Amino acid sequence: MNQAAKPSIQRMLMFVLLLNGSSALFLTALAYGVNDWIAMRGAMTDRLMSQADIVANNSVAALAFHDVEAANMTLNSLENESELVGAVLFDVADRPFAIYHRNEHYALPMEPPSDASGFLGDQLFVSSPVVLDGRQVGSLVLVSELDYWDRQQMIQLATVAGVFLFSLLWVVILAGYLRRIMLRPILELTATAKQITRSGDFQLRAEKISQDEIGGLVDDFNEMLRQIQLRDEALLKVQSELEDKVEERTRELTELAQELERQAYHDALTGLANRATFDDHLQLAIHQAQRYGGELSVLFLDLDRFKNINDTLGHAVGDKLLIEASHRFQACLRSSDTLARLGGDEFAVLLVQTGSPNDAADVARKLIAAVNAPFSIDGYFLHVSASVGISIYPSDGADAQSILKNADTAMYHSKSNGRNQYTFFTESMNLRATRRLLLENKLRTAIDEKLFTLHYQPRFETQSKRIIGVEALIRWSDKEEGTISPIELIALADECGLITTIDEWVLETACREVLRWYDNQRPPIVLSVNLSGAQFIRRNLSQVIQSILRRTGFPGDCLELEITENVFGPNAVDVTAVLREIRELGVEISIDDFGKDYSSLSRLKQLPLQTLKIDKSFIRDIGKDPDGEILVKTMITMAHSLNLRVVAEGIEKEEQYRFVRRHHCDAVQGYLLGRPMPDTVMQERLRQELVVDLD
Amino acid sequence: MEVMIGKFARRWRRWLTIVLTTAVLPVFSATGDNDAQRVSQIKAAIVLNVARFVTWPSDQGLGRDQMRLCFYRVNILSGAEHTITQNPVAGHAVDTRTIQGIDPADQCDVVLIPGSQVQRFVGESTITGDRPFLTIADLTAADKVNRAYRGVHVNLVRRGNGVGLEINLDDVDRAGLRMSSKLLKLARIVGGDAE
């Protein structure tokens with residue numbers, strides 16, 4: 001639609017004004033014309049009637065005295081009335097008395113009409129009575145032609161039409177002028193609105209030209225502009241804020257996408273590469289090695305006893321330990337190497353372009369050394385070790401899966417060999433790994449179904465050879481695997497993180513059985529139970545022991561817990577407080593396998609110990625190695641100087657027994673005097689010994 | 001006013017022949033009682049019509065409900081009493097009386113004077129002076145009178161086959177009467193030389 005075809009208020013207003021004006025003029029002209037027509041006819045009739053009355057009045061005497069001549073003279077006086085066609089004077093008997101006839105063309109009535117006025121054909125007539133002294137003595141009829149009246153009407157009509165046209169022209173001019181006056185405020189308002197639309201500047205205001213409704217509209221329009229301006233400003237502000245938020249949100253989404261991408265390829269906790277990334281890198285490295293030759297090494301690394309730390313100190317501490325350890329590991333590696341966290345406490349290192357296996361060994365040593373340094377986390381000084389397995393491509397596997405699996409196997413071999421060391425993969429490891437996996441499953445089943453048994457090895461007072469105590473030793477006999485050695489069982493349980501559960505089972509079971517031997521009376525012997533070093537990481541160890549004593553009713557001062565040196569070694573946590581809490585229960589603490597690992601005499605002095613058990617490896621040297629004998633003698637002397645009782649374990653020969661007795665060892669334990677035996681056998685032996693004593 | 005009427009009368013002074021239609025003519029040709037009665041009725045109608053164009057002074061004459069038509073010494077309208085009594089003038093019923101002389105006690109409004117009694121009436125009128133009653137003299141026995149008699153206001157004269165009117169406008173004025181110009185247009189004005 002073009003501009004000319006658009007609805008225009010100007011044209012509409014012009015149309016309305018013209019319509020109103022022309023309608024009013026037309027109606028006025030029409031009313032005037034009709035009124036004039038009626039009035040003219042009425043005037044003509046009235047004039048004719050007046051003439052009739054006059055003539056009738058003038059004719060009354062002629063009629064009264066039957067003076068026809070006089071009557072004719074009176075009627076002839078109408079000859080000056082040009083529109084009159086004729087006149088007829090009737091006597092009292094309604095007979096024509098006198099007639100005036102201007103034109104024979106027109107017919108005159110020969111008897112009085114019944115109406116006072118009317119038409120006779122195209123002529124107008126009026127009838128007037130001739131009255132004398134109140135009595136009608138005749139009547140007069142005047143007949144007039146209508147041509148004159150028609151001409152007057154035409155003249156009047158033309159006049160009205162002329163006035164109408166002139167008035168219409170005046171209305172057009174006046175309407176145009178009024179339109180300009182009336183529309184100027186609106187046009188000004190429209191121009192302002194268009195300018196605002198083009199410029200978007202809501203600070204513009206329309207000029208108030210008139211004080212009428214349009215002026216009010218301008219005020220409202222300006223007020224509306226003010227409101228829009230305020231809203232526009234608020235909208236701009238909101239828009240700015242929204243853009244900022246969108247930008248911030250976009251940045252967050254970008255960061256989130258980057259984070260998700262990073263998480264997809266990295267470990268969320270440590271930020272290291274995850275297993276998928278490690279596998280990709282390993283695959284790529286293998287492909288490159290296949291194409292260009294050369295070797296690559298995979299180091300599988302596992303933190304020793306990390307599960308105990310996680311379980312006892314909480315995941316928060318464990319997570320921080322993993323993060324710190326990952327930092328240390330990363331510091332030991334080249335930028336071309338890949339360090340990944342595979343899950344839990346398992347890490348993997350990909351060393352590309354290794355010149356020889358020695359390079360991998362060097363890295364393994366660095367990693368172990370890095371993790372051996374104490375960790376200070378949340379107030380805990382944690383001593384951690386790591387076991388590392390190494391596999392070499394292509395000698396230890398043809399694909400990534402085999403290389404990684406074999407490194408894992410080698411890592412378990414390191415754990416089996418005492419942890420905190422690295423081991424290169426060999427083919428024979430697979431057999432041991434398979435057995436280990438089998439035993440782990442069986443161990444979990446045995447724990448759940450309590451398939452363990454306890455054997456008791458007696459401890460003798462050296463001089464009298466009297467049984468003064470028993471050491472509870474766990475035994476596990478599987479239907480398929482047969483009897484599994486305690487060493488393998490303990491190592492496996494330790495690796496699987498099940499050692500604490502087993503320890504508690506052993507402690508509680510031994511307490512119950514020994515009490516049963518004595519009919520729940522106070523036993524005259526000391527029950528010794530081995531306690532894993534992993535137990536000391538938990539802070540509530542004394543509560544656990546107290547709970548067991550309470551449940552079983554076993555007296556604390558008849559219980560001795562054997563711990564190994566590594567519990568309080570240089571890399572161990574501080575167990576002094578825990579030992580003191582245990583000691584407060586009456587429970588005695590003994591050092592088992594003393595001399596086997598690193599021992600600090602100053603530490604021994606600080607600990608609340610009562611007994612020291614010399615490792616059987618030293619006892620075995622008696623009679624063979626003089627230096628070994630000196631060590632045993634020194635140990636006994638040293639222990640006594642620390643007010644510790646000394647127990648020589650592993651006494652299998654009489655010579656060994658005599659040596660320790662000669663050097664005042666307090667107690668002995670070994671196959672020479674008594675092997676580990678089931679509880680019933682042990683109970684019977686104790687009963688027999690009691691009988692002998694009584695005898 | 002009288003001057004104006006006089007000028008009007010002189011201007012329009014002319015003889016108007018009053019054609020008394022065909023009904024008048026038999027007055028003079030008819031014979032027998034019926035004709036005489038019919039002439040009397042026409043004369044009565046003329047007399048009454050003349051009376052209808054006359055206005056009496058408000059303080060004299062016609063102060064009553066009835067108009068009185070007096071016959072001076074002779075009733076010349078015998079047999080036309082019915083016409084007279086059945087046609088009131090100016091709303092007044094008309095009664096008749098025959099008088100022997102001019103006597104105010106008779107309370108006449110119109111005095112009809114036979115032609116034979118005109119001289120006697122003139123003589124008596126000279127003595128009594130002008131009175132406010134209309135006097136009509138029946139002079140239809142003569143073709144043309146064209147003269148005014150002292151005290152006689154209207155002369156009924158013969159005009160061809162009709163009856164003409166002569167009006168002594170001066171005496172009418174002296175009597176205090178007023179005559180319509182319509183009547184004057186039909187009549188011949190006489191006077192000034194009244195005997």
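Mentor: Please keep in mind that this is a predicted model. A network of salt bridges links Arg459(A), Glu471(A), Glu560(A), Glu562(A), Lys613(A) and Glu649(A).

Trainee: Asp478(A) forms a salt bridge with Lys442(A); in which helix is Lys442(A)?

Mentor: The closest N and O atoms of Asp478(A) and Lys442(A) are 3.2 Å apart. The pair links distant parts of the chain, 36 residues apart, with Asp478(A) in strand E14 (residues 467-478) of chain A and Lys442(A) in helix H10 (residues 429-449) of chain A. The helix asked for is therefore H10.

Trainee: Is Asp478(A) buried or exposed?

Mentor: The cut-off for a buried residue is a relative accessible area under 20%. Asp478(A) has a value of 13%. Asp478(A) is therefore buried.

Trainee: Which residue of chain A meets Arg52(B) in a salt bridge?

Mentor: Between chain A and chain B the count is 1 salt bridge. In that contact, the nitrogen to oxygen distance is 3.2 Å, and the partner of Arg52(B) is Asp133(A).

Trainee: Which helix gives the largest share of the side of chain A that touches chain B?

Mentor: There are 5 residue pairs in polar contact between the two chains, both residues being at pLDDT 80 or more. Helix H1 (9-64) and helix H2 (68-76) of chain A each contribute at least two residues to the side of chain A that touches chain B. The largest share, 6 residues, comes from H1(A).

Trainee: About what area is buried between chain A and chain B?

Mentor: The size of an interface is often given as the accessible area lost when the parts come together. Here 15 residues of chain A are in contact with 22 residues of chain B. Carbon and sulfur atoms give 58% of the buried area, which is about 1,500 Å².

Trainee: Is the disulfide of Cys70(B) and Cys108(B) left-handed or right-handed?

Mentor: A disulfide is a covalent bond between the sulfur atoms of two cysteines. Cys70(B) and Cys108(B) are joined with an S to S distance of 1.8 Å. The torsion about their S-S bond is about -95 degrees, so the disulfide is left-handed.

Trainee: Which cysteine has the closest sulfur to that of Cys558(A)?

Mentor: Cys558(A) is buried, at 3% relative accessible area. A disulfide needs the two sulfur atoms within 2.5 Å. The closest cysteine sulfur is 9.8 Å away, too far for a bond, and belongs to Cys511(A).

Technical notes: Residues are numbered from 1 along each chain as its sequence is written. Chains are lettered from A and ligands numbered from 1 in the order in which they are written. This is a predicted model: local features need pLDDT of at least 70, side-chain atom pairs count only at pLDDT 80 or more; totals for chains, interfaces and linings use all residues. Side-chain values use heavy atoms; hydrogens and water are left out. Contact means heavy atoms within 4.5 Å. Buried area is the accessible area (1.4 Å probe) that two parts lose on being put together, summed over both. A salt bridge is a side-chain nitrogen of Lys or Arg within 4 Å of a carboxyl oxygen of Asp or Glu. A polar contact is a pair of N or O atoms within 3.5 Å; within protein, one must be able to donate a hydrogen and the other to accept it, and residues adjacent in sequence count only if both atoms are side-chain atoms. Helices (H or I, at least four residues) and strands (E, at least two) are DSSP runs, numbered from the N terminus. Buried means under 20% relative accessible area, exposed over 50%, partly exposed in between (1.4 Å probe, protein chains only).
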